[in-house]
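User: Please take a close look at one part of this model, the contact surfaces of a single chain. I would like the areas, the contacts and the elements involved, in one connected answer.

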Amino acid sequence: MNREIREAFFFILPLGIFVLLLMLLPVIGSFWISLWQDVSFLPRKFAGLGNYFRLLKDFQFWQSAGFTLIFSFASVTLEMVAGTIIALVLNESFRFRGIMRGITLLPWAIPSVIGARIWQLIYRYDYGLANYVLRGTSGLSVNWLGSSGGAFLSLILADSWRTTPFVAIILLAGLQSVPQGLYEQAKIDGANLFQRFFKVTLPVIKPVVIVALIFRTIDALRVFDVIYVITGGGPGGFTTSISLYSYKYFLLGDFSYGSTVSIFLFIIAFTITILYIRAGRFREAAL
Amino acid sequence: MRRLFLLVLISLGFFSGCSKKESLLTFAVGGAPNEVDYWEKLIGEFEDKNHIKVKLLRQPTDTDMRRQSLVTPLNAKEKDPDLFLMDVAWIAQFAASGWLLPLDSCIKKDSFDMARLFGSVVHQVDLYKGEVISLPVYIDCGLLYFRKDLLKKYGCSIPETWNDILKCVERIQDEERKNNPNFFGFVWQGAQYEGLVCNFIEFIASNGGNIMDIAGNITVNSNENIQALQFMRDLIHKYQISPPNTFTEMREEEVRTFFENGNALFERNWPYAWKLHNSQGSPVRGKVGIALLPKFDNGRHAASLGGWHIGISWYSDKKDEAWELLKFILSYEIQKKLCLNLSWNPARIDIYDDPEVKERVLHMEVLKKAFESTVSRPNSPYYTQVSEILQRYVNAAISGKIEPNEALKEAQRGIEKIVERYHE
Amino acid sequence: MKEERIKRILLTLGIIFVIIFCLLPFVWMVAVSLSKTPDFLVRGDYGFTIKNYLDILRLENLHFLDYLRNSLLVSGIVAVSSATIGALAAYAVSRLSFPGKIVIVLSVLALSMFPQISVVGYLYKFMSNIGWINTYNTLIFPYIAFSLPLAFWILLSYFSQIPREIDEAALVDGANRAQTLFRVILPITLPGFLSAILLLFMFSFNEFLFALMLTTDFRARTVPVGIALFQGLHGELPWGYIMAASAISSVPVILIALFFQRRIVQGLTRGAVKQ
């Protein structure tokens, strides 16, 4: 017994070291920085929780927090719906299904920045693809990146495009584990296509849906790449997510305040994670 | 297992050495693409003359990105870049953060004649706690470009006031739109970035307003400013003489290409655009004139003071070589070349009397007058944060998201909070 | 049967939707990359040219090849290292008995939710202090750390499927634990190991925030940052260059996605769904 514990220790040690030094320590380090006044052109002095009080009164911050929440909600919803559709399609057997699966993965596979750049050009007011199609069909052009509503919509679309494949794949795995017998039974009971979906499919894949939901939600809260590239946080700071807000302070040389904001995000993400783990879902999956 | 471990460790160790920094003199420069290309040529000349190898670090065109790509290595106390160009607006932050090498000893050692440079500019911007920490390379200010052929065709004179602009455009825009539906009367930089603040300052100063008064009070929320901001917004939404993507995408290059493609009557831009408008293949070659930016009826002509200055990094490992390159850049010959080829206004006063320059650059007179009406952005280490606030609210106002008086009220509040926080 | 017809129609519509949804932006990207100017839709004429590609590959001062090289090297090293370290830990958890196993598994899960932004501020300061800013190391080490949860999960689910008897047999034959792992178990789960490496490679290749803050120029900068901060030679955002660079950069990951789609899907879903 002792021997196994010792062996286990050494096997897990490398992972432990990396994670400790490069994930846990830096978070504590960031928290430490947030307790000081760390600005490149001012003398360093201890600030205690001063930055946090400042955060509480910071209207811009709460605006960005609100935006992040609404963005996450909308984006995840869209991904779930689109992901379900795609998963249902891929669940059927047809020729070239393998290639279809590959195609489905593409938006998720490429670097987020590249996808964002493509969408940025699509949304371009004067010669982008979106307005070209719109003008052709309805004569209107939308100021995608210049209006708050437009910017919001464009970001959700761009972000969902990239993350829907991930959701679709997870849901697909869930779909494939639904026992055929249940469908047979439902058919015998007289359920039609749609009834079978809502009464049989959905309840069975509920655990998988929840897993995907939680992962995607926490991920969406951290959103940075697409926003940085497409809108830069605008117009008027409207689409600044919490990560982007923190980053802007780093760039301005104010490491302490930037760290404060990032710790706040950490607390949120951590809390949600803990709540979810406590809800017990993962005890089974782990073993 | 041990073997694999060793393999991984060795490759890690190997690759840590891989991108070791070669010791070269690194010079970070950005700007419009043609400008950076020209720098490559100049660097070549310097290398031939002085046998010092120089590596040019190309930076993005966007001002904010250029600042970001300097702040990151400087904050990290990196040895590179050794030498770099700075926007007038950043010098205070860089100096206060201790990133700039004081140049007084070099100046004294080589008997560098400071009187050759525009004294007023140096005094305003290049001094920190009494020491010289940067030197001007060229001086800039906002100008009004116009299509002299169109003004002539429709019998319009060069506008003095903003009302004149409106009247002129009224006459011309609809007519021109018959041939070119994409034609707009006046293009300027309204995207949410530093350039917007320059435009904003010009509009408000031309109405008699300002951001900070002499006593140091924040005067953002004033009637003059509100009026000017309302006007900016009306240009896009009410009079519709500025394109709808003014506040989303219009920065220097976008504005320049828009005007250069013949789609605008008036343009607000920096002097660098002149050369490009008149280059081979430009659709508006020979059709462009320059004037002072208009004023409001009760205001004054105002042009944002811009320009780029050069500094040596405090952490540089090649300080002497950097100083040599700096002197090279500020030499008569090179300043003249920059003037003639990039239409940069020299920081050296003697160039303005050079006969060849006077012959080739016809609008030197206008420039001199424009320099007399410059207005500078607030000179403080935390200016970038003040700018962020202004950018955000001004852009929100001109995009129609919030009302101008609301925008300026909030901006005022935000700036006061920043001053309170960062004031020593 | 009527239902069959409806199903068929829905399926066809669904397939069309998926194809357009996924591929349209790519088509647009390639179209712009091969065009003289990006506004061809409005202009009406499409000038076909490969100049964009030639320029970004030839012009040294655009540094595109540097970015590509940096990305490929860093991602490769991270993928192999992280998979190895993850394999060690996953093996221990799936085979050995020791107290606190659940804690470890749940902790690793929790770690995958760490926001990078909460870490990057301190990392920047730390890397500055040890002089690692703008080197490969500054990216490799954090990438390994942040991808370890992923590696751990994938390999854990693969290892859990292998019956312990195989280990017992090897141990009886005189092998120690390490040898068992590398000589016996890994060869069996090679597909899983491969899935892990591919996914880890993609993770590093696509990462943005760390690369943005911890690298400063072409010597260590990676492709995503290069494309986000692209500076061209012809004014404005050089869309032609950006799209050409994007197209070339997408090739490695697109190939991986298309050829190894089954491996990737398996790797991702093993952990999420109980078989």
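Analyst: About 2700 Å² is buried between chain B and chain A. Carbon and sulfur atoms account for 53% of that area. This is a predicted model, and every value here is computed from it. In residues, 31 of chain B are in contact with 32 of chain A.

One salt bridge is found across it. B:Arg421 pairs with A:Asp254, and their closest N and O atoms are 2.8 Å apart. The cut-off for a salt bridge is 4 Å. Six residue pairs are in polar contact between chain B and chain A, both residues at pLDDT 80 or more.

Which elements of chain B supply at least two residues each to the side that touches chain A? They are H3, H4, helix H17 (383–398) and helix H18 (404–422). H17(B) gives the largest share, seven residues. By class, this side of chain B holds eleven nonpolar, twelve polar and eight charged residues.

Next, the contact inside the chain. Chain B is divided into two domains. Domain 1 covers 23–140 + 306–369, and domain 2 covers 143–304 + 377–422. The centres of the two domains of chain B, taken over C-alpha atoms, are 27 Å apart. Domain 1 of chain B places 26 residues in contact with 22 residues of domain 2 of chain B. Together these domains bury about 2000 Å², with 59% of it on carbon and sulfur atoms.

Between the two domains of chain B the count is again one salt bridge. B:Asp87 and B:Arg377 form a salt bridge, with the closest N and O atoms 3.6 Å apart. That distance is within the 4 Å cut-off.

Two elements link the two surfaces. H3 and H4 of chain B each supply at least two residues to the side that touches chain A.

Terms used. Residues are numbered from 1 along each chain as its sequence is written. Chains are lettered from A and ligands numbered from 1 in the order in which they are written. This is a predicted model: local features need pLDDT of at least 70, side-chain atom pairs count only at pLDDT 80 or more; totals for chains, interfaces and linings use all residues. Side-chain values use heavy atoms; hydrogens and water are left out. Domain bounds come from an automatic or database domain assignment. Contact means heavy atoms within 4.5 Å. Buried area is the accessible area (1.4 Å probe) that two parts lose on being put together, summed over both. A salt bridge is a side-chain nitrogen of Lys or Arg within 4 Å of a carboxyl oxygen of Asp or Glu. A polar contact is a pair of N or O atoms within 3.5 Å; within protein, one must be able to donate a hydrogen and the other to accept it, and residues adjacent in sequence count only if both atoms are side-chain atoms. Helices (H or I, at least four residues) and strands (E, at least two) are DSSP runs, numbered from the N terminus. Ala, Val, Leu, Ile, Met, Phe, Trp, Tyr, Cys and Pro count as nonpolar, Asp, Glu, Lys and Arg as charged, and the others, Gly among them, as polar.
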